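Hello,

Please find below the structure I said I would pass on. My notes follow it.

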Amino acid sequence: MKMSQLVGRRDKNAPKEAQITSHQFLLRGGYARQVSAGLFSLLPLGLRVIQKIEAIVREEMNKVGGQEVLMPVVLPRELWDESGRYDSVGSELLRFKDRAGKDFVLGMTHEEAAVHLARSEIFSYKQLPATLYQIQTKFRDEPRSRGGLVRVREFTMKDAYSFHEKDECLEKTYQEVHEAYERIFQRAGLKNFISVASDAGMMGGGVSHEFMAVTEIGEDSFLVCDDCGYKANREVAKMKYPEYNDESAELTKVATPDTTSIEDVAKFLGVSEDQTCKAVFYTDSEGGLVTLLMRGDLEVCEAKVKAVLSLKDLQMADDELIKKYGMVPGYASATGTDPSKYTLILDDSLKGRKNLVAGANEDGFHKTGFDPARDLNEDDYQWADLTNVPDGSTCVECGSTLKLQRGVEIGNIFQLGKKYSESMNMTYLDQNGKAQIPTMGCYGIGIGRMMACIMEEHNDKFGPIWPESVAPYQVHINILDPKKENALGIGLELYEKCLKAGVEVLVDDRGEKTGFQFSDADLIGLPHRVIISPKNLKQGKVEYRTRASRDSELFDVDQAFESLMVKLGK
RNA sequence: CGGGGUGUAGCGCAGCUUGGCUAGCGCACUAGUCUGGGGGACUAGGGGUCGCAGGUUCAAAUCCUGUCACCCCGACCA
């Protein structure tokens, strides 16, 4: 490709809405343009990177037996009614009508479509297991897109669906895909990624893992134990609680004026925050009160609470509701109330604690000596894990220290089970001629997110440094001062030779000033660069550089192509 | 959806407080000359409904009201 013809402008400054590195270089380098919130057009350079990533994904999915298909983006409501998700999924599912008034959705994931396809093609155990995948546009009406390609509404995803007779077979495929994912991310140049145990969320089903690109800009949090390898998304992570050996004490009312926060109470009474018990209030689906008690220094993990309560949406209870059950916001606790009238759940962090500071349900007063097991009737409450695991907590597996890290979810895998095959009535005949419901797995990779994460991991202050496996082109030829010493002719000749040899090459034939060309080349970030300049041509040389190291060496002009091929490993 | 912020040329910005001549600067873009190893110089140009709508006023980029878009934090999120 000739730079003089390449569509996509490079820019010295990033628009101010671009805050993170990958977003800035995406715009500055002419890879993508935003059309609206969460909607991007890809320019030629950006599309080439995406296609490189897709090619790697295809190869690896094919290797584990995947068969590529293509399902529609627009799906009829009926399919989503069959699975029940038309109603159960929230407003991130875009629903609309066609001219006849028929209901449709934009596919945000394709379990329904995959089962629809599979149930019309697979009738026998002899056809199982089977894995179908596609690389297709998804649309999710995210309430808030952000970070360039990190979180968008319309995006390209590789999604795969596997069908099995037995759970063991599903587990085997699951493991194979897990390994394929590791190869995919490695081949695409990502170094810093891990898979963590995760919450299945709206997908339903059992075992699932998320692949996280570990990066500061990540919006997901997870905990990692360097010693034993424990890794879990913050939404499912567990910790080992410290032994407190509290000394039992009588429940005693103390005056604690103007101390509605845990921090204030702890300070006022001269105890640490983990010696307090905090109450948090939500409403259940019928509008009833849910009271959660937990150690004062911990924070609620709403994902865990939702899982415990089997609720899709959580709403904080308002003060009126809390007061209705005899509790006083700011000084609330379960003591002195009737928990049989509302839902009371105690966080595991309170197990074995005998001497805590809790609210007295009276303005300006707390109680010391709170012992949940002693002071509450055990029929009135249940225990559960409700809180976020803080950085530095103790690993449940090995007792070592957990580290809290941030990451971007670039892939995930689920053992779905029969949730979709059953609800959508997919059956096959087993060896005994008996109808059976297959068990399923599903496996996703965010292609655009991968591109953003690769950029986040591979860049310097001048631009991205593409790994060879995903670079839009392999070679960048700069022609400095093209009119002298036949620089233009020699540069274009090298360019033509590369084209003939099937090497992906970009040549800067614009005659721009050196610095201008180099800055553009850095923003395009191709791994190999050849610089044709009159200065070196006079000595019969051309210069070769890599984008990453900036080390340079000289090639003889008449051996330039051959020397370059050596560098390319061809 | 809650909190905060920003809308003036493709991008970055000034002007707005205190209304007033033709709306300005840098980069980018066009033509030309010079220049030629890290965004070079000079000359001459093109490009704007000042986000949109309404209002106040002799006069609005500037003041008022409304509205839309985008960004950031949170909520939410296979």
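Leaving aside neighbours within four places in sequence, Asp-371 is in contact with Ser-248, Arg-353, Lys-354 and Leu-376. Please bear in mind that this is a predicted model. Asp-371 sits in the loop between strand 20 (365-370) and helix 10 (372-375). With a relative accessible area of 7%, Asp-371 counts as buried, because the cut-off is under 20%. Leu-350 is 21 residues apart from Asp-371 along the chain, and 8.9 Å separates their C-alpha atoms.

The rest concerns RNA strand B, which is surrounded by 54 residues. The closest are Arg-140, Arg-151, Met-157, Ser-533 and Arg-545. Of the atoms of RNA strand B that come within 4 Å of the protein, 49% belong to sugar and phosphate.

By residue class, the surface near RNA strand B has 24 charged, 16 nonpolar and 14 polar residues. Helix 14 (514-524) is among the elements that supply at least two residues each, and its 8 residues are the largest share. Others that supply at least two include strand 1 (32-36), strand 8 (154-164), helix 8 (302-309) and strand 23 (402-417). Helix 15 (534-537) and strand 32 (541-546) also belong to that group.

- Lys-16: 2.8 Å from a phosphate oxygen of RNA strand B.
- Asn-13: 3.2 Å from a sugar or linking oxygen of RNA strand B.
- Gly-147: 3.4 Å from a phosphate oxygen of RNA strand B.

Regards

Technical notes: Residues are numbered from 1 along each chain as its sequence is written. Chains are lettered from A and ligands numbered from 1 in the order in which they are written. This is a predicted model: local features need pLDDT of at least 70, side-chain atom pairs count only at pLDDT 80 or more; totals for chains, interfaces and linings use all residues. Side-chain values use heavy atoms; hydrogens and water are left out. A residue is near a molecule or strand if one of its heavy atoms lies within 4 Å of it. A polar contact is a pair of N or O atoms within 3.5 Å; within protein, one must be able to donate a hydrogen and the other to accept it, and residues adjacent in sequence count only if both atoms are side-chain atoms. Helices (H or I, at least four residues) and strands (E, at least two) are DSSP runs, numbered from the N terminus. Ala, Val, Leu, Ile, Met, Phe, Trp, Tyr, Cys and Pro count as nonpolar, Asp, Glu, Lys and Arg as charged, and the others, Gly among them, as polar. Buried means under 20% relative accessible area, exposed over 50%, partly exposed in between (1.4 Å probe, protein chains only). Contact means heavy atoms within 4.5 Å.
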